[in-house]
Amino acid sequence: MKIVAVTYGTETREEIEKDLERISGLISGLEDSGRLFGKDTLDCIGDNSDIVMLDTSKDKRPYFSRDIRNEHPDILVSYDLAGFELTTLTDGLAYNLIDCRQIHLIKSDKLSNEKRLNEVMSINMFFFTKDRVIEDYLKENYPKIPFIDSIEKE
Amino acid sequence: MRILFFDMGSFTYRDVKDAMESLGHEVHTIYYHFADRYKDDYFDDRFSYELEKKAYDLVFSVNFFPLVAKACKEKGLPYVSWSYDSPLDERMQNYFSYDTNHIFLFDRQEVADYNLKGYSRVCHMSLAVNVERIDRLGLSHRIKRDVSFVGKLYSSDLPTLMYPAEDYIKGYIDALLHVQLGLYGCNILESSISDDMVDMLNESYRKIGQDRVRLSKRGLAFAISTQITHFERKVLLDELAEEYDVHIYTADKAELTDKVSIHGPVKYYDEMYEVFASSRLNLCPTLRSIASGIPLRALDVLGSGSLLFSNYQPELAEYFTDGKDLITYESIDDAIAKAEYYLSHPEECESIALSGREAARSAFGYRDKVEKMLAGI
């Protein structure tokens, strides 16, 4: 299982592994989690995953999204919408062309790519926020988000 | 109606959706990119889940998706697809007969071929162009270059497919290619390839250990078509570049003379129209497997008020007048001669471009096409 993690260079591998473990537990508890997320993908988020880290703060090449695709990830992870600025020829999200399950973690309430959440998004995308405040804000302002939940639970 | 619009990043998604909403329909979108359009367990499950969340009256997509058709068949939901891809992959025919399908293709000849095979759910609908959206770009039409081409050069599998073939077959296919190269408005490829020839080719693959390669008549015809298209586009660009300022905008690796200016791909909703508007002639040789229809690119050029310079296509001739709304050619020599004439008569180019835009506006609006497609549901 290969996971490609796209960040702004602020997350460590250990942090990413910890976040994925929490999210895996969260997803497993969701109703219809198998149909929503794909059971085979759920089963594979674990210790044996190979994590490839890509830092968009360093790499500004226009074909960066092609590099992500060439890694053939089983799961794509992003932090704080890193990589959402990448576009297709129809100005859509380049991530839409990556055919694997995607976990987009949002920990900051200041997102430089926030407006990109107005674009059509693939049903492969799953957004997890740090807390309910961010979740509620995004739900209200960006109804096109296909799935969103917060890691923080009451 | 409440419509579920399935999309995989099509060029025309926005215009079709806008047309649906202008007709008063409620549109919800699902986006998904298939790695394999014929097998995707996750999609089957997830799409079915999404269809259960709300009551939809129909599912719509630009281009035909077999797994969407299958899901709609299982739910008894009408599935309308409008393709700008042509020709469709052969395997898709296995999904055509569902009684929930309403399949619209822009190439009348392709539709006729499917109807002859008994696929009655396939109908003709030409593509469209949103002239009003293009007008809002405020294009300047200040001419910066003589000739532009936006698109693919195509690399054909034909040389690889012919490699192990017997000399007789190589010679025959080569001759067939040259005959079709000189024929516009009529596609003779599939009807000129015998079953025996295809069997002999497949046997030649087995002899070199390529047991899994199984070529069909249609596959061979498509390989010949892409080879012709590649040749025609390359020759036209190279020849015109000897005398004129010629530019190509493509994602392909373009092997052209040094005189052709090669650029990367352009964004569909703005950069592309800027290229059209700033080019005296917009070269648009049709992919040769499209027998009669008007490709999307041609309508995009016309709708932008720029001069379309295309090969003859029967359906173009039905709606547009050569020399008045656009320029068409019927051979490579004809194309070169006409390019020379029109590049030295810029005032004629301008009036033809304007007339072409008005002809496109009147007959190829999205709202009208979408209304017709949904009328029967």
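A salt bridge is a side-chain nitrogen of Lys or Arg within 4 Å of a carboxyl oxygen of Asp or Glu. By this rule, the count over all chains is 36 salt bridges. The model is predicted: local features need pLDDT of at least 70, side-chain atom pairs count only at pLDDT 80 or more, and totals for chains, interfaces and linings use all residues. Side-chain values use heavy atoms, without hydrogens and water.

One salt bridge joins the side chains of A:Asp91 and B:Lys267 (2.9 Å, N to O). This pair crosses between chains. A:Asp91 sits in the loop between β3 (75-79) and β4 (101-106) of chain A, and B:Lys267 in the loop between β9 (261-263) and α10 (271-277) of chain B. Helices (H or I, at least four residues) and strands (E, at least two) are DSSP runs, numbered from the N terminus. B:Lys267 is partly exposed, at a relative accessible area of 21%. Buried means under 20% relative accessible area, exposed over 50%, and partly exposed in between (1.4 Å probe, protein chains only).

Within chain B, B:Asp15 forms a salt bridge with B:Arg133, with the closest N and O atoms 2.8 Å apart. B:Asp15 belongs to helix α1 (residues 13-22) of chain B and B:Arg133 to helix α5 (residues 131-135) of chain B, so the pair ties together parts 118 residues apart in sequence. Both B:Asp15 and B:Arg133 are buried. A salt bridge also links the side chains of B:Glu110 and B:Arg218 (3.9 Å, N to O). Here the pair links distant parts of the chain, 108 residues apart: B:Glu110 is in helix α4 (residues 108-116) of chain B, and B:Arg218 in helix α9 of chain B. B:Glu110 and B:Arg218 are buried as well. A network of salt bridges links B:Glu132, B:Asp135, B:Arg357, B:Glu358 and B:Arg361.

Helix α9 (residues 217-241) of chain B also holds B:Ala241. This residue, B:Ala241, is buried at 4% relative accessibility. Neighbours within four places in sequence aside, B:Ala241 is in contact (heavy atoms within 4.5 Å) with B:Val246, B:Thr257, B:Lys259 and B:Val260. B:Ala241 and B:Thr257 are 16 residues apart in sequence, and their C-alpha atoms are 8.1 Å apart in space.

Chain A has 5 helices and 6 strands. Along the sequence, the pattern of chain A reads β-α-α-α-β-α-β-β-β-α-β. Of the 154 residues of chain A, 54% are buried. Among contacts in chain A between residues at least 6 apart in sequence, 68% join residues at least 24 apart.

Methods:
Residues are numbered from 1 along each chain as its sequence is written. Chains are lettered from A and ligands numbered from 1 in the order in which they are written.
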